Amino acid sequence: MADIAELVNQLMTDGTVPTIARNANAQFGIAPRSYLGASLLPERMVDENAYREESIIYRTVIANDGTRYSPSQKKGAALVGSFLVELGNSDIASEFTSRDYDALLRILNTRPSMDAAASLLSWLDRTVNLALIEKNEKQRWEAIVSASVVRSGDNGYTETVSYSNPANHRAAAGGTWSSDSYDPFADILAMADLLESKGYTVGRIITSRTVLSILAGNDKVKARTGVATINASGQITATAGRATRDAINGALERDGLPAIETYDLQYRTQTGTGYFLSRSAFVLVATTGQDESIDLGDTNSLMVANTLGYTALGRAAGQAMPGRVLRMEAFENKPPRIEAEGWQTSLPVITNPEAIAVITSIS
């Protein structure tokens, strides 16, 4: 096979390209680009692009005792809320340039056609498919940290989707964490106590390396971890060095909290880069007991435990079934090239809003 147009057409019609679009594993990424948000809000195919999610869980009320044959007793307290889900649309186009086209043609004429196919599919996955997946990941962390997702696009389009934001679950740090006169653990333990008061147990702590470094350099944190000492007059005597990550995690463990996970993955825009998780946020996530089964095809599935909800994937424009859409087409007119595009209809949906506690504005 020496015809690029024929290769592209074959990949489109034999199911190879649609398989890339339907690959549920892709949402989690691969090391070193693993998308942590997908473990909290994994993708779920939905049939409608606008619907009311009725299972927004706030609390559980304990059952009553009763006699063996008496009717079950209804509880008057509200257990769940609802959220109007209106999915948004995102898309991207990419061009396999003439220079890339010539290089692919050389591969096609000198090596097995599968090598050319692998090169082309890698380009499609990296520049189109993962671009859509990273859009979802960015929105996940906006929803978790800020309880809102900002949709923006060409021609000044902007729209904000607001989520349930229970009182005190997102709050600025009570003091300056980088100040040796302030104890960051006061904020951390306050948020952990808040979750515990709602009947939750903190299962994960996620923050940036920037915040972890601030913790490591704080004298009061050093005192908790043994890097600094407290003298007879009650003053902290700092020693050289910083608290290690293991030492900080040990201090958290003594308070019944999990180890810190750092998430520093960046995404790229045409004008620069950004971080999926804010550099100044400290996120505590409770165990929810809510699991999501991910269909991996061929009767295989992956169970994601203790999710906060899901990322809804609806029917993209012009499609009968939900999911991402990828297309590519070869052009032999000058300049010869391959054009690809992808689009999706999606939105993160948080069904356990009280299982999240976020400390913001950390400095």
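Visitor: Which residue in β21 is the bridge partner of Ala93?
Guide: This is a predicted model, in which local features need pLDDT of at least 70 and side-chain atom pairs count only at pLDDT 80 or more, while totals for chains, interfaces and linings use all residues. Residues are numbered from 1 along each chain as its sequence is written, and side-chain values use heavy atoms, with hydrogens and water left out. Strand β6 (residues 88–96) runs antiparallel to β21, joined by nine bridges; strands (E, at least two) and helices (H or I, at least four residues) are DSSP runs, numbered from the N terminus. In β21, the bridge partner of Ala93 is Glu341.

Visitor: How many residues does the hairpin between β20 and β21 pass through?
Guide: β20 (residues 325–331) and β21 run antiparallel and are joined by seven bridges; two strands pair if DSSP finds at least two bridges between them. Val325 has Trp343 as its bridge partner in β21. The hairpin joins β20 to β21 through five residues.

Visitor: How many of the 14 residues of β21 are buried?
Guide: Strand β19 (residues 309–313) also pairs with β21, in the antiparallel sense over five bridges, and Gly309 stands opposite Ile350. Buried means under 20% relative accessible area, exposed over 50%, and partly exposed in between (1.4 Å probe, protein chains only). β21 (residues 337–350) is mostly covered, and its count of buried residues is 12.

Visitor: Which strands stand at the edges of the open sheet of five strands?
Guide: The order in this sheet is β9-β22-β16-β10-β13, with mixed pairing. Its twist averages 20° from one strand to the next. Two strands have a single partner each, so one side of each is left without a neighbour in the sheet: β9 (170–172) and β13 (260–262).

Visitor: Which residue in β16 is the bridge partner of Thr207?
Guide: Strand β10 (residues 202–207) runs antiparallel to β16 (residues 282–286). Five bridges join them. For Thr207, the partner in β16 is Phe282.

Visitor: At about what angle does α4 run to β9?
Guide: Angles run from 0 to 180 degrees between N-to-C directions, and axes are lines fitted to C-alpha atoms, for helices over the stretch in contact. α4 lies across β9, β10, β16 and β22 (356–360). Its angle to β9 is about 75°.

Visitor: How far apart are the axes of α3 and α4?
Guide: Helix α3 (residues 98–110) and helix α4 (residues 113–146) pack at an angle of about 155°. That makes α3 roughly antiparallel to α4, a label for angles over 145 degrees, with under 35 roughly parallel, 65 to 115 roughly perpendicular and the rest oblique. The distance between their axes is 7 Å.

Terms used. Contact means heavy atoms within 4.5 Å.
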